[in-house]
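Good morning, everyone, and thank you for making the time.

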Amino acid sequence: MLRLITGRAGAGKTALIMDEIRRAASAHEGGRCLLVPEQYSHEAERELARVAGPSLPLYAEVLSFTGLARKVEAELGTGGRRPLDAGGRLLCMALALDSVYSRLRVYAGARRSPELQGQLLAAVDELSAAGFTAEQTMEAAERAPGALGHKLADLALVMGAFQAAVGPERTDASDRLAELLRRLPESAFGREGHIYIDGFTDFTGVEMKLLCELMSRGADMTVCLTLDALDEGSEVFELSRRTARRLLREAR
C-alpha cells in the first residue's frame, strides 16, 4: 500500500513519520526502514536515534538507495563480483577511451585528458542512474539532431566500452542500482514491515523502478513530499507534484 504525506516545508511530515517509527520500536515492532538521500542519511540517523532512543537499531534502520544495495548484497551475496574503487574506475575509463577514440566525434580528446575522463565518468553515472543503457543512448542519439546527436553517440560508445572494461567479474558504482533492481525480486526486503521515504524531490529512473518493484510486491510504503497541492499550485513545487502523480499512477 502506498501512502503519500504532503505539505509545505515545516509542516511536520518528517516529525510524523519519525514518531510512527518511535511508536513501532516502543511496541517492539521491527522491519521499519527510513529511506533518504545519501547526503541526508547520517543526519536522519542521528535525529531518529534521538527520537526513538537507543533500542532503535533493533527495530528500524536508515538507508539510502546505495545503502539498500549494500543491504541486499549482504543478504544475497555479490556473486563473486568485486567492486571497483575510484582509481579502478578511472583506469577502466582510460582503457575504454583507448578502445573507441578513433570512432569518437566529440570526445576523442578525452583519451589524453584526465579531467575529461572524470567528466565522462560522471556522465556515465548520470545516464545509468536515469536507467539508460548504451543501446538506449545510441537510439536517442539517432533521433537527436546535429551536435547533440554526436555527443550522445559518443557517450553511447564510451558507456559500452567502459562496461566492457569493467568486465563481468567486477561491479561499478554506475550500475550498482541497476544490479539492485535486477536482484531485488530475490530479496526479502519490503516483504514485511514498513518503508518510509523522506527528503526526496524526485527520483531517478532506476530509483522509481525500484519503488515500483517494491509496490508490485505489496510493500507498505509512506512517501513524504514537499508540495502545496496535488492538482495545482505554485510552480515551485511542480517537480514534487509530478513525482507524486507518477507514484499514484504506478500504485494504481
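This is a predicted model: local features need pLDDT of at least 70, side-chain atom pairs count only at pLDDT 80 or more; totals for chains, interfaces and linings use all residues.

Let me start with helix 4, residues 65–76, and helix 9, residues 176–183, whose axes come within 10 Å and cross at roughly 50 degrees. Because of that angle, helix 4 counts as oblique to helix 9, and the crossing of the two is left-handed. On the helix 4 side the contact involves Phe65, Thr66, Leu68, Ala69, Arg70, Val72, Glu73 and Leu76, and these meet Arg176, Leu177, Leu180 and Arg183 of helix 9. Sorted by class, the residues of this contact are seven nonpolar, one polar and four charged.

Helix 9 also packs against helix 10, residues 205–216, at an angle of about 15 degrees and with the axes 10 Å apart, so helix 9 is roughly parallel to helix 10. This crossing, too, is left-handed. Here Leu177, Ala178, Leu180 and Leu181 of helix 9 touch Val206, Glu207, Lys209, Leu210 and Glu213 of helix 10, which gives six nonpolar, no polar and three charged residues.

Now to the arginine: is Arg241 buried or exposed? Arg241, which lies in helix 11, residues 238–251, has a relative accessible area of 1%, and therefore it is buried. Its side chain makes a polar contact with the side chain of Glu238, at 2.7 Å. Setting aside neighbours within four places in sequence, Arg241 is in contact with Leu227, Asp228, Ala229, Leu230, Asp231, Glu232, Gly233 and Ser234.

Methods: Residues are numbered from 1 along each chain as its sequence is written. Side-chain values use heavy atoms; hydrogens and water are left out. Helices (H or I, at least four residues) and strands (E, at least two) are DSSP runs, numbered from the N terminus. Buried means under 20% relative accessible area, exposed over 50%, partly exposed in between (1.4 Å probe, protein chains only). A polar contact is a pair of N or O atoms within 3.5 Å; within protein, one must be able to donate a hydrogen and the other to accept it, and residues adjacent in sequence count only if both atoms are side-chain atoms. Contact means heavy atoms within 4.5 Å. Axes are lines fitted to C-alpha atoms, for helices over the stretch in contact, and angles run from 0 to 180 degrees between N-to-C directions. Angles under 35 degrees count as roughly parallel, over 145 as roughly antiparallel, 65 to 115 as roughly perpendicular and the rest as oblique. A crossing is left-handed if the near helix is turned anticlockwise from the far one by less than a right angle, and right-handed if clockwise. Ala, Val, Leu, Ile, Met, Phe, Trp, Tyr, Cys and Pro count as nonpolar, Asp, Glu, Lys and Arg as charged, and the others, Gly among them, as polar.
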